[in-house]
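Okay, thanks for coming, everyone. Let me bring the structure up on the screen, and then I'll walk you through it.

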Amino acid sequence: MALLEITDMSVAYGRIEALHGVSLTVEQGELVTLIGANGAGKTTTMRAVSGLRAPSRGSIVFDGKDITRMKPHLRVLEGIIQAPEGRGVFPGMTVTENLEMGCYARTFESKAQHDETLDHVFELFPRLAERRDQVGGTMSGGEQQMLAIGRALMARPRLLLLDEPSMGLAPMIIAQIFRIVSEINAQGTTVLLVEQNAQQALSRSHRAYVLETGNVVRSGPGRELLADPAVKDAYLGVA
């Protein structure tokens, strides 16, 4: 059974339908990527999975449970955790306080479990450990992205939704972020990634889906799509 299964999902903004019968699956332990141009429906798909946008048709099943109409905060309790596009850090809070907000809804059974999770985040992101008392609004874009992912990890996600983690970052930082995303996945966290940097995303994905104007037009192993001439032409600038 797939951890996440979306079947024939359509999502509309008023009279404008942004997704037209999208179907996709994410297996336990996979890193799955959605790629596509601006306006293709990638973020809308993520919003539907996290409960921020209700489908007008179709279903979303998580670990065998139909969550199509489930409230967003209940999905968090199920373990669906999103690091949003634009990072969304709390600018007046310190790094530690931002991280603590990640586990506001998914509380820990013990202080030891909390401390172990926080230490794990600091191991993944040593820069955050160095700046644990610095306020989030004074950090660089790359540091804020690390903070957004770290905050999501504090909720101990079963499915981690990452929306455009490389957006606006320098190439060196992008490579670092993707290395960490791969490490998170290798440690057992299932990841659904939305990303415009097709080269980095596809090279690290088990599988991927290509969205165009609200439809899935291609799918397959990440490296196979990376070698697909049509994908190269459209997303890698290589004819």
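So, a salt bridge here is a side-chain nitrogen of Lys or Arg within 4 Å of a carboxyl oxygen of Asp or Glu. By that rule, we get 9 salt bridges. Before I go on: this is a predicted model, so local features need pLDDT of at least 70 and side-chain atom pairs count only at pLDDT 80 or more, while totals for chains, interfaces and linings use all residues. Residues are numbered from 1 along each chain as its sequence is written, and side-chain values use heavy atoms, with hydrogens and water left out.

One of those salt bridges joins Arg 127 and Glu 130, with 3.9 Å between the closest N and O atoms. These two are 3 residues apart in helix H5 (residues 126–130), so about one helical turn separates them. Helices are DSSP runs of H or I with at least four residues, strands are runs of E with at least two, and both are numbered from the N terminus.

Now the domains. The chain is divided into domain 1 (1–79 + 158–238) and domain 2 (88–156), with bounds from an automatic or database domain assignment. Their centres, taken over C-alpha atoms, are 23 Å apart. Where they meet, 17 residues of domain 1 contact 13 residues of domain 2, contact meaning heavy atoms within 4.5 Å. How many salt bridges run between domain 1 and domain 2? The count is 0.

The area buried between the two domains is about 1,200 Å², and carbon and sulfur atoms give 76% of that. Buried area is the accessible area (1.4 Å probe) that two parts lose on being put together, summed over both.

Next, pockets. On a 1 Å grid over the protein atoms alone, a pocket is an open set of points where a 1.4 Å probe fits, with protein on both sides within 12 Å along at least five of seven lines; lining residues have an atom within 4 Å of a point.

The largest pocket has 24 lining residues, and Leu 52, Val 76, Ile 81, Gln 82 and Pro 84 lie nearest its centre. Where does the largest pocket sit? Both domains give residues to its lining, so the largest pocket lies between them.

The second largest pocket is lined by residues including His 120, Arg 156 and Thr 189. Helix H4 (residues 111–124) gives the most to that lining, with 3 residues. Domain 1 and domain 2 each supply at least three residues to the lining of the second largest pocket.
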